[in-house]
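Colleague: Please walk me through the model. Keep it brisk.

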Amino acid sequence: MHTCRSFIFLALALLVCACAPSSPNRVVIYTSVDQVFAEPVLKDFERQTGIQILPVYDVEAAKTTGLVNRLIAEADNPQADVFWSSEFAQMLLLKEKGVLEASKPANAAAIPAAMRDPQGLWYGFAGRARVLLVNTQRVAQGQYPTTYAGLLDSRFPADKIGIANPLFGTTSNEAAALYAKLGQDSARDFYQRLRQRGVQVLDGNSVVRDQVASGQIWYGLTDTDDACGALDKGAPVRLVFLEQGAGQPGALVIPNTVGRVKGGPNPQTAARLIDYLLSAAVEEKLAGAGFTHIPILSRAAPGGCLGGQSIRPLDLELDIIYNWLQPAQNDLKTIFLQ
Amino acid sequence: MNRRTGSPLHLSRRALRQGLGAAVLALVLLAPPCALVFQFALAFANDPGQAREIFSPRTARLLAQSLGEAAAVALTGTLLAIPAASALWQAPGSAQKRLRWFFMALAPLPPTLHALAWITAGSWAADLAQAAGLFAPSLRGWGWLIWVQSMALAPLAVGLTLLGLQRLPAGLWEAACLFSSPWRAFWKVAIPHSAPYLLAAAGLLFLLSLTDFSLAATFQVNVYAFEIFTTFSAFHDAGRTLLVALPLCAATLPAALLTGAQLRRILAPGPAGQAARPRFTWPFAWEMLQKAAILILLLQVGVPLGALLLTAGPPTAFAASVAGAGDELFNSTRISLLAALAGLPLALLAAQILAGAGRAAWAGWLGLAFLLALPAPLAGAGLIAVWNHPGWPVYGTLLMPLHALLARWTPYAALLVLAQLRHIDPLLLEAEQVFHTGWLRAWLRVRLPLLSPGLLAGAFLILTLSLGELGATLLVLPPGMQTLAVRLYNYLHYGAAQQVSALALLTALTGLTLGLAFAACFHWISPARRSAP
């Protein structure tokens, strides 16, 4: 067993080389926002304040659940100071699990009440919306669904309609919103019929975007950042917001959310970072990068590729949508994971 | 027994060392799943009824589908490996080496990128077919999943089979050829002699396919591993997720045990000597099969490489993408290399336990099956449960992703090292025990050269799998540190095909360079080199 001795030497060597340098003037942020959008924003903060940012990014492959599970697992010995989520459901889950603590950002009053937690555990900013992306080379003007029920219409071929897996990410938020709006039976019936029609269930919103852009499918439900990305690259696509007619409920707007992690090691720098993220300048920067198009802090009109459009947002509290997430997932798991 | 190995004092010291080794192994490999088992016990005690909710005809069907898919991948890989490896076996030494590394070139790429490349190529082919008025098949379903998974894992199957053939003793081959044709000798002697390697390859392909969920959604089918992932995603409860994972663990146990039993039965210690270098003409039909297998292997590299090169843009764009990923390249290289190095003694310790007899060996095999079936995010959650306590120094350092890689890939390396261990003549080890004048000298002069092929294969396996690992490292990467795989997946979501291709090529190049460096090191210490004039 000479391996034992060599192993002990190796372990000691590894311990020595693994020692991490530490800096008192730093802040640790976990974020599920795409690195390409989050990194420039965080670098600007670093330049402006001199505070070292130590980020941990999530990836689409983990369906933005990797960091949330990490935060829950680290609850007894938190490593992160701030969590910046690209949507709201994961932040509400962290609130439910007791992972967040209240903060009072300088700009809190500018945020609409519907977009922040009454106890100050999280704040929303810089919104995206759910949208139907349509390939204009395959589909004539006006020949597309304008409501969710329209996706069940036989005029629109099912194998040319794509959605991301409704168990994950913003598509799961959208499903919860439909459950909240339609009621459990109607919403379950909608998804069952969607599945029975043979609508394509793809591996993420970005895949929906790519397949619509390439014409493999003609219609796809995705987020405005993905849709605008395709448009900016010159793809033959059009953005159609569903449920915008009179008496219809409106489109789901998904804000970015930020919250302070309870017991995080750097509370002072965390507060400064949250103040910075909840600023109109960051909203503008994210809009300029093509990530978000619906300002929440400035309450201005949608920008970027949505410039000039008016979008009627879904009139539902985020808390109510979140409360429907679990029942919706239980149903959808049975419907879609066969 | 001699003076050194027979005294009671020596025996107690040996038992102490063995106990210490087992403790280190348990800490590194078994502590994370044990922490999960503890959480699971708590969750189950609080709500025993959840088992009824979790196990249903639907999940049973999913498990059956997954087992079928994994078996199909193992079969496809093995059927491809036999003709391909037999063709490479006869190739001249230099050509064989070049081809071997060429076929291994894309091994470090995660299966998702293979899928992306095949879908891209398939779309181009479908467009051409449609333009020509031909039928263009849909790029989804079980067939495509099995094909792409088999292509992603083919280098492993071919590499192991070739290793088995290359270890055929020349004397055995020549004796077989005295009594029958080389063709018959190939099937009656060479293939049975390589059976452990073939079985190990089939077992590894089966296990890797069974536990992978990343491709199934791409081809719009569902597998049991995805069920585990969705449970973790929906409930954020590691205990409940472990309960869901138990049937998969149970399914992997027979596969791991069967592979091990075959290894024990067939891999009897063999005489050391020169390896066979056969030169004969294969039957025409077999030669055609060999050419088809080599063509598929060329496609296995060519299609992804072509798709990546075509989308990577001009060299300046590639250089810019690489320059922007300098930190990630450094981090990935560093932890993959450390994992490959630190994994070797662990794999050797594990292999020594598995090679033994009695309860310890059985416990070892049970633990191995459990580790092989443990989904990546659960391994990460288990690591957090073990190390994340106030005042403990390990958490938040480089040691965490390193531990994640070791926990995930050491069991696979242990299987390869076990195969090598079984092949060593015990008389040589006994001679070393009698004559050695120091453990380091004995290690470097006797044991390391004897073990080097298995260790090289194990290190290369850990290295390549580590470069693409995401699920566990994502949960334990220290803040401010990122790997190539994380950056690559971020760009993948963003739709930046050029950067994705550049990073994928960089990953492949890194894996190949590190693999070649490993091979050079082992060649340098091999007995063949030292005995050369």
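Modeller: This is a predicted model: local features need pLDDT of at least 70, side-chain atom pairs count only at pLDDT 80 or more, and totals for chains, interfaces and linings use all residues. Residues are numbered from 1 along each chain as its sequence is written, with chains lettered from A and ligands numbered from 1 in the order written.

Colleague: What percentage of chain B is buried?

Modeller: A residue is buried if 20 or more other C-beta atoms, placed from the backbone, lie within 10 Å of its own. Chain B has 533 residues, and the buried share is 52%.

Colleague: Are α14(B) and α17(B) parallel or oblique to each other?

Modeller: The axes are lines fitted to C-alpha atoms over the stretch in contact, with angles from 0 to 180 degrees between N-to-C directions. For α14(B), residues 326-355, and α17(B) they come within 6 Å and cross at roughly 50°. Angles under 35 degrees count as roughly parallel, over 145 as roughly antiparallel, 65 to 115 as roughly perpendicular and the rest as oblique. The two helices are therefore oblique.

Colleague: How many nonpolar residues are in the contact of α14(B) with α17(B)?

Modeller: Ala, Val, Leu, Ile, Met, Phe, Trp, Tyr, Cys and Pro count as nonpolar, Asp, Glu, Lys and Arg as charged, and the others, Gly among them, as polar. The contact has one charged residue, three polar and, as nonpolar, 21.

Conventions. A residue is buried if 20 or more other C-beta atoms lie within 10 Å of its own, exposed if 12 or fewer, and partly exposed in between; C-beta atoms are placed from the backbone. Helices (H or I, at least four residues) and strands (E, at least two) are DSSP runs, numbered from the N terminus.
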